[in-house]
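Here's a quick briefing for anyone opening this structure for the first time. Have a look at it, then read on.

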Amino acid sequence: MADKLLDAKRVAILATDGFEQQELLDPRRALDEAGARTVVVSPRAGKIRGWQDKDWGDEVRVDLALDEARSADFDALLIPGGVMNPDALRMNEAAVTFVREFFEAGKPVAAICHGPWLLVEAGVVHDRTLTSWPSLRTDITNAGGNWEDREVVKDGGLVTSRKPADIPAFNHAMVEEFAEGFHDGQRPRQRERDVIQSELMEDARLEGR
């Protein structure tokens, strides 16, 4: 991994109690080593506790309260997994809005394991290709997403992986996408226009036969 690819990039890490410890700490370390400034954003003030090996793990300091966070102040977003973490966040309207704003602005987002649950709730997986912990497959496909069983999936600014074992591939892809910055195809309205344009071109092609 190239050094300092993310100099001057500010990355939000959205999490709450019950995040999978390795899925926050390891990607955060990769981002920091690439030069990013990482900021843990949470509905909880003070500290949040991770989940590790079927029990509570270490605490992580919250850098910024969610009600004070502005998506416009960040270049990218990381969503760790853990069952409890995204399940709680997807019930939080401010968290869902925060996630959706990154997509609407065309900013890159990385989510691992159960993290894509939050993407489903934000309504941003339609016509996207992604992966996750296998139990989310039905939720993702019901929301219009294309689920694949691969260690990492990149789709126009969106990076997803399945589990802790995928973290090396996830980190590499995440740093690459975050370094690229803005992705026009990340924006839901832009994707809708692309689909409509493709359909119109196909109709014109068929009429011209």
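Let's start with E177, which is found in helix α6 (residues 167-180); helices here are DSSP runs of H or I with at least four residues, strands are E runs of at least two, and both are numbered from the N terminus. Keep in mind that this is a predicted model, where local features need pLDDT of at least 70, side-chain atom pairs count only at pLDDT 80 or more, and totals for chains, interfaces and linings use all residues. Residues are numbered from 1 along each chain as its sequence is written, and side-chain values use heavy atoms, with hydrogens and water left out.

**Around E177**
- E177 is buried, at 5% relative accessible area (buried is under 20%, exposed is over 50%, partly exposed is in between, using a 1.4 Å probe and protein chains only).
- Leaving aside residues up to four places away in sequence, E177 touches P108, K154, G156, G157, V159 and H183 (a contact means heavy atoms within 4.5 Å).

**Strand β1 and its partners**
- Strand β1 (residues 10-14) has 4 of its 5 residues buried, so the rest of the structure largely encloses it.
- β1 runs parallel to strand β3 (residues 37-42), joined by 5 bridges (strands pair if DSSP finds at least two bridges between them).
- I13 stands opposite V40 in β3.
- β1 also pairs with strand β7 (residues 76-79), in the parallel sense and over 3 bridges.
- V11 has A76 in β7 as its bridge partner.

**Aromatic pairs**
- The whole structure holds 3 aromatic pairs (rings of Phe, Tyr and Trp, the last by its six-membered ring, pair if their centres lie within 6.5 Å; planes under 30 degrees apart are stacked, over 60 edge-to-face, and the rest tilted).
- W51 and W56 make an edge-to-face pair, because their planes sit at 85°, with ring centres 5.1 Å apart.
- W51 is partly exposed at 26% relative accessibility, and W56 is partly exposed too, at 41%.
- F98 and F102 also pair edge-to-face, 5.1 Å centre to centre with 75° between the planes.
- F98 and F102 are 4 residues apart in helix α3 (residues 93-104), so about one helical turn separates them.
- F98 is buried at 3%, and F102 is buried at 0%.
- Ring pairs link F74, F98 and F102 into a cluster.

**Charges over rings**
- The charged end of R90 sits over W117's ring, 4.1 Å from its centre (this takes NZ of Lys or CZ of Arg within 6 Å of the ring centre and within 35 degrees of the ring normal).
- K107 has its charged end over the ring of F102, 5.8 Å from the ring's centre.
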